[in-house]
Amino acid sequence: MPQVADVLVPPNAEGTRATVLRWCKAVGDFVAKDEALLELETDKVTVEIAAPDSGTLIEILKQVNAEVNPEEVVARLSLSRGFAAQAESAVAGAKSTGPAPTGVSAATAGTRDSQPTSPLSPAVRRLLQEHSIAAADIVGTGRDGRITAQDVTRRVSAAPAAAEARGAGDSVDAGDRRVPHTAVRRRVAEHMARSLTEAPHVTTLFEADLTRVLAHRSRHAADYEARGARLTLTAYFINACARALLVHREVNATFHPDALQLHDDVNIGVGTALGNKGLIVPVIHRAQDFNLFSLAQRLGRLVEAARAGKLTPEDVRGGTFTISNHGVGGSLLAAPIVINQPQVAILGVGKVERRVCVLEVDGVEAIGVRSMCYLTLTIDHRALDAFQANAFLSSVVDTLEQWPPDEA
């Protein structure tokens with residue numbers, strides 16, 4: 001009897017659910033140990049799952065878009081050495097014959113009405129039957145032109161969405177279409193709804209004069225760029241928040257029913273938009289240990305990785321406070337900004353704009369034009385009150401308006 005190995009969803013510290021994004025192999029394919037077998041998408045990152053051993057993929061238990069939980073079995077491998085050797089030999093033989101002609105797969109060779117010559121996996125046959133699609137109508141993208149489950153699901157997604165909606169019993173006007181939620185969007189929706197349901201949100205609003213910050217940025221941006229860091233305003237906000245969180249520790253905390261857990265390390269997450277896919281919050285761990293240059297450098301790397309889908313699980317874990325710089329999209333004010341629980345507060349940063357302000361110059365009032373923006377702090381009112389919120393936000397504003405602070 002050949003030995004069978006289960007392929008498990010890896011455990012994670014947060015117990016986050018995931019969705020099968022794509023299978024890198026089809027049933028019947030040989031896979032080497034540590035070779036990519038499938039990709040999972042969570043609300044935070046895309047995780048590649050490698051084969052636990054060399055063998056042949058004999059069963060796929062979770063199809064594309066199916067939700068999976070940590071340590072759940074998603075596939076099985078046959079570890080029969082003889083079978084594996086045959087598979088390797090077959091793969092080598094297929095490669096030696098050269099690729100199929102461009103634009104023609106093994107599954108579609110011959111006439112449209114003929115049966116595909118490349119074998120179909122049980123999952124593919126089931127999907128074709130469920131959606132009444134002929135195999136000859138699909139160009140396979142798998143090895144040697146084999147039709148994969150992803151090929152079928154892509155074909156289904158490309159079908160007129162209005163017809164699909166009517167089949168589900170919904171009334172949809174002609175020309176309307178339904179766009180399925182991504183795993184990220186579904187998780188964000190669940191997380192936001194749960195946060196608002198559990199925590200009473202209260203927002204306090206301050207105004208910050210960023211004239212000195214912008215002058216500092218103008219003087220140092222080129223130097224930072226030459227040294228490998230793009231100096232954005234968000235780096236200044238992270239620095240100011242890190243300083244304030246060391247003083248107002250109750251804002252750098254986690255709420256528990258019986259206690260407020262105060263954190264020694266300041267781990268600041270930065271909300272990063274992923275276009276229509278949703279948003280993600282990469283975390284700068286121990287932000288209190290970074291100077292402005294190091295913060296700008298680390299922030300740039302995380303944002304780039306987030307938008308390229310290359311964040312690691314460690315990059316998004318352990319946040320104790322979050323910043324949402326919604327002003328980069330032109331927003332002046334957003335309230336309340338939903339708290340990234342189990343944190344107890346989130347800073348909102350509005351668009352910077354030039355405004356006419358009343359100033360005090362040498363003890364005399366004067367009119368001047370300054371670079372101003374609105375800052376909001378939304379708090380979990382179970383953990384914090386207005387006194388702590390206002391004290392924290394005052395510290396942040398003071399740091400920004402008196403820039404540069406020591407060692408900035």
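1. Arginine 22 is partly exposed, with a relative accessible area of 37%. Partly exposed is the class between buried (under 20% relative accessible area) and exposed (over 50%), using a 1.4 Å probe and protein chains only. The model is predicted: local features need pLDDT of at least 70, side-chain atom pairs count only at pLDDT 80 or more, and totals for chains, interfaces and linings use all residues. Residues are numbered from 1 along each chain as its sequence is written, and side-chain values use heavy atoms, with hydrogens and water left out.

2. Which residue forms a salt bridge with arginine 22? The partner is glutamate 39, and the closest N and O atoms are 3.3 Å apart. A salt bridge here is a side-chain nitrogen of Lys or Arg within 4 Å of a carboxyl oxygen of Asp or Glu. Arginine 22 belongs to strand β2 (residues 18-23) and glutamate 39 to strand β4 (residues 36-41), so the pair ties together parts that are 17 residues apart in sequence. Glutamate 39 counts as buried because its relative accessibility is 15%. Helices (H or I, at least four residues) and strands (E, at least two) are DSSP runs, numbered from the N terminus.

3. A salt bridge also joins the side chains of arginine 286 and aspartate 265, at 2.4 Å from N to O. Arginine 286 is in the loop between β15 (283-284) and α8, while aspartate 265 is in the loop between β11 (259-262) and β12 (268-270), so this pair ties together parts that are 21 residues apart in sequence. Arginine 286 is partly exposed at 37% relative accessible area, and aspartate 265 is partly exposed at 27%.

4. Arginine 298 and aspartate 315 meet through their side chains in a salt bridge of 3.5 Å, N to O. The arginine lies in helix α8 and the aspartate in the loop between α8 and β16 (321-324), so parts 17 residues apart in sequence are tied together. Arginine 298 counts as partly exposed, at 27% relative accessibility, whereas aspartate 315 is buried, with a relative accessible area of 13%.

5. A pair of aromatic rings is described by the distance of the centres and the angle of the planes. Rings of Phe, Tyr and Trp (its six-membered ring) pair if their centres lie within 6.5 Å; planes under 30 degrees apart count as stacked, over 60 as edge-to-face and the rest as tilted. How many aromatic pairs does the structure hold? There are three aromatic pairs. In one of them, tyrosine 224 and phenylalanine 293 have ring centres 5.3 Å apart and planes at 75°, so the pair is edge-to-face. Tyrosine 224 in helix α6 (residues 211-226) and phenylalanine 293 in helix α8 (residues 292-307) are 69 residues apart, and the pair links distant parts of the chain. Tyrosine 224 is buried at 6% relative accessibility, and phenylalanine 293 is buried at 13%.

6. Tyrosine 236 and tryptophan 403 also form an edge-to-face pair, with 5.0 Å centre to centre and 70° between the planes. Tyrosine 236 is in helix α7 (residues 233-247) and tryptophan 403 is in the segment after α9 (386-401); the pair links distant parts of the chain, 167 residues apart. Both tyrosine 236 and tryptophan 403 are buried.

7. A charge sits over a ring if NZ of Lys or CZ of Arg is within 6 Å of the ring centre and within 35 degrees of the ring normal. The charged end of arginine 227 sits over the ring of phenylalanine 293, 4.0 Å from its centre. Arginine 355 lies over the face of tyrosine 374, at 4.2 Å from the ring centre.

8. Val356, Val358, Ile367 and Val369 make a nonpolar surface patch of about 420 Å². Patches are made of residues with over 30% relative accessible area and no salt bridge; like charges are joined within 9 Å, and nonpolar side chains (Val, Leu, Ile, Met, Phe, Trp, Tyr) within 5 Å. Strands β18 (353-361) and β19 (364-380) each give two or more residues to the patch. Valine 356, in strand β18, is exposed, with a relative accessible area of 64%. Accessible areas come from the Shrake-Rupley method with a 1.4 Å probe; for residues, only the protein chains shown count as cover.

9. The chain has nine helices and 19 strands, and 44% of its 408 residues count as buried.
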